[in-house]
Amino acid sequence: MIKSSTNHQIKPESISKKKTSKKMQPSSRSSEKITPLKKASLTKKRSASQKVSNNQYPLEQIQALVDFVVQKLDAGKAENIITIDLVGKTSFADYMVIASGTSSRHVMGLVHNLVTDLKKNGYKPHVDGETGDGNWIVIDLIDVMIHIFTPETRDFYQLEDIWKPQ
């Protein structure tokens, strides 16, 4: 309940919102939208051979998110994009996406565009390293970890070698 200065209670549904009209303008960016992840039903039984997400989201939705991220990175001219399936290997994420930009400025641009598109689609990405030198930036989407490097930094850390199949 919202109280006015005269101590009368006003019901929230009685407050009218001012409607604003927005003109649609053509955009050079893709108008493709993805839906935010929905929690899987906990009562749904899964077969023993079926992969189960660590965070109780259906793997189909997580895979759609990974595909969206890869598509946006590819559209931004990221290089050497790889995805690593971590389901059943670790508890911190289900997938990891690793990509390179041609320079620290390109890495920063890739991150900015990807984070903007993710926010437009209802996600709340946590970005680490954005205020640094732009050599390695991590975007955490809980189920998907995205690492964007400069080529030199990627060669130095060789992060994808850690997760190679043995």
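Colleague: What should I know about numbering and confidence before I start?
Modeller: Residues are numbered from 1 along each chain as its sequence is written, and side-chain values use heavy atoms, with hydrogens and water left out. The model is predicted: local features need pLDDT of at least 70, side-chain atom pairs count only at pLDDT 80 or more, and totals for chains, interfaces and linings use all residues.

Colleague: How many helices and strands are there in the protein chain?
Modeller: Helices (H or I, at least four residues) and strands (E, at least two) are DSSP runs, numbered from the N terminus. Here the protein chain has 4 helices and 7 strands. Their order along the sequence is β-β-α-β-β-α-β-β-β-α-α.

Colleague: What share of the residues of the protein chain counts as buried?
Modeller: Buried means under 20% relative accessible area, exposed over 50%, partly exposed in between (1.4 Å probe, protein chains only). Of the 166 residues, 34% count as buried. Accessible areas come from the Shrake-Rupley method with a 1.4 Å probe; for residues, only the protein chains shown count as cover. The chain exposes about 11500 Å², and carbon and sulfur atoms supply 51% of that area.

Colleague: What part of the contacts joins residues 24 or more positions apart?
Modeller: Contact means heavy atoms within 4.5 Å. Among contacts with a separation of 6 or more, 55% come from residues 24 or more positions apart.

Colleague: Which residues have the most contacts inside the largest nonpolar core?
Modeller: In soluble globular proteins, nonpolar side chains tend to be buried together. A nonpolar core is a set of buried Ala, Val, Leu, Ile, Met, Phe, Trp, Tyr and Cys residues joined through side-chain atoms within 4.5 Å. The largest one here has 25 residues, and those with the most contacts inside it are Val69, Leu73, Leu118, Ile139, Leu141, Val144 and Ile146. At least two residues come from each of α1 (59–75), β4 (95–100), α2 (104–120), β6 (136–140) and β7. Helix α1 gives the largest share, 7 residues.

Colleague: Which residues is Leu73 in contact with, beyond its neighbours within four places in sequence?
Modeller: Leu73 contacts Ala78, Ile81, Val97, Ala99, Leu110, Leu114, Ile146 and Ile148. There is also a second, separate core of 9 residues, including Ala93, Ile98, Val138 and Phe149.

Colleague: Where does Leu86 lie?
Modeller: In the loop between β3 (79–85) and β4. Leu86 counts as buried because its relative accessibility is 0%. Not counting residues up to four places away in sequence, Leu86 touches Phe92, Ala93, Asp94, Tyr95, Met96 and Trp163.

Colleague: Is Thr150 buried or exposed?
Modeller: Thr150 is buried, at 2% relative accessible area. Thr150 sits in the loop between β7 (144–149) and α3 (151–157). Leaving aside neighbours within four places in sequence, its contacts are Gly101, Ser103, Ser104, Val107, Gly134 and Asn135.

Colleague: How many salt bridges does the structure hold?
Modeller: A salt bridge is a side-chain nitrogen of Lys or Arg within 4 Å of a carboxyl oxygen of Asp or Glu. The structure holds 2. Asp117 and Lys72 form one (3.8 Å, N to O). That pair links distant parts of the chain: Asp117 is in helix α2 and Lys72 in helix α1, 45 residues apart. Asp117 and Lys72 are buried. Arg154 pairs with Glu160, with the closest N and O atoms 3.2 Å apart. Arg154 and Glu160 are both buried too.
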